[in-house]
Amino acid sequence: DAGVIQSPRHEVTEMGQEVTLRCKPISGHNSLFWYRQTMMRGLELLIYFNNNVPIDDSGMPEDRFSAKMPNASFSTLKIQPSEPRDSAVYFCASSSRSGSPLHFGNGTRLTVT
Amino acid sequence: AQTVTQSQPEMSVQEAETVTLSCTYDTSESDYYLFWYKQPPSRQMILVIRQEAYKQQNATENRFSVNFQKAAKSFSLKISDSQLGDAAMYFCAYIGGDWDGLTFGKGTHLIIQP
């Protein structure tokens, strides 16, 4: 299995631009999680999906952030408009069922100038 | 809300020696799981070991073992025969029975001295 696949690996953009991060979970996994990692705040859960349905988005920092999961094999995290404080590493993770560990993608390093 | 605390921002150990990383957590749930993840400079998040709260036996994976003290809400990681490749950030993480996402500690930076 290829594992969780995230793209792009790096993204550099200017303030005010729209950014879309992509994630392909492991086939057969029915839970998907988006995390953000910064030096100041560590790893924070932004949103998670179960069977493609958003269950809890209370971690999404503000309305500029949105996430979708149109099918079981694809999810996006969009920031519009982006701001310098959004600079971080964004991870996607998936798991197959309660009790099984989360498998993480390699993350997207986002830099907003 | 659950919290996970790692009180050691950084630890250093000589190669081939043993080191223990500390983790405590706070929860009112009875059904939960605990994990240790390793993050090397490549920024991959690699699962090291997991522990089910209902199991009294401490989990072990090769050179890695845990000391799970449920009453004390403590979950430490012991690395035996430390190797240079063990150098990384180590994160302790908690997830409840609803499987609604991991709560991570702030991490411990482990340095291996050759």
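Mentor: Accessible areas come from the Shrake-Rupley method with a 1.4 Å probe, and for residues only the protein chains shown count as cover. By that method chain B exposes about 5,500 Å², of which carbon and sulfur atoms supply 45%. This is a predicted model, in which local features need pLDDT of at least 70 and side-chain atom pairs count only at pLDDT 80 or more, while totals for chains, interfaces and linings use all residues. Residues are numbered from 1 along each chain as its sequence is written, and side-chain values use heavy atoms, leaving out hydrogens and water.

Trainee: Why is A:Leu43 counted as buried?
Mentor: Buried means under 20% relative accessible area, exposed over 50%, and partly exposed in between (1.4 Å probe, protein chains only). A:Leu43 has 9% relative accessibility, and therefore counts as buried.

Trainee: What does A:Leu43 touch, not counting residues up to four places away in sequence?
Mentor: With contact meaning heavy atoms within 4.5 Å, the residues that A:Leu43 touches include A:Phe91, B:Met45, B:Phe91 and B:Phe104. A:Leu43 and A:Phe91 are 48 residues apart in sequence, yet 9.1 Å apart in space from C-alpha to C-alpha.

Trainee: How do you know whether the radius of gyration of chain B agrees with that of a compact globule?
Mentor: The radius is taken over C-alpha atoms, and the globule rule is 2.2 Å times the number of residues to the power 0.38. For 114 residues a compact globule would have a radius near 13 Å, and chain B has 14 Å, so the two agree.

How values were computed: Chains are lettered from A and ligands numbered from 1 in the order in which they are written.
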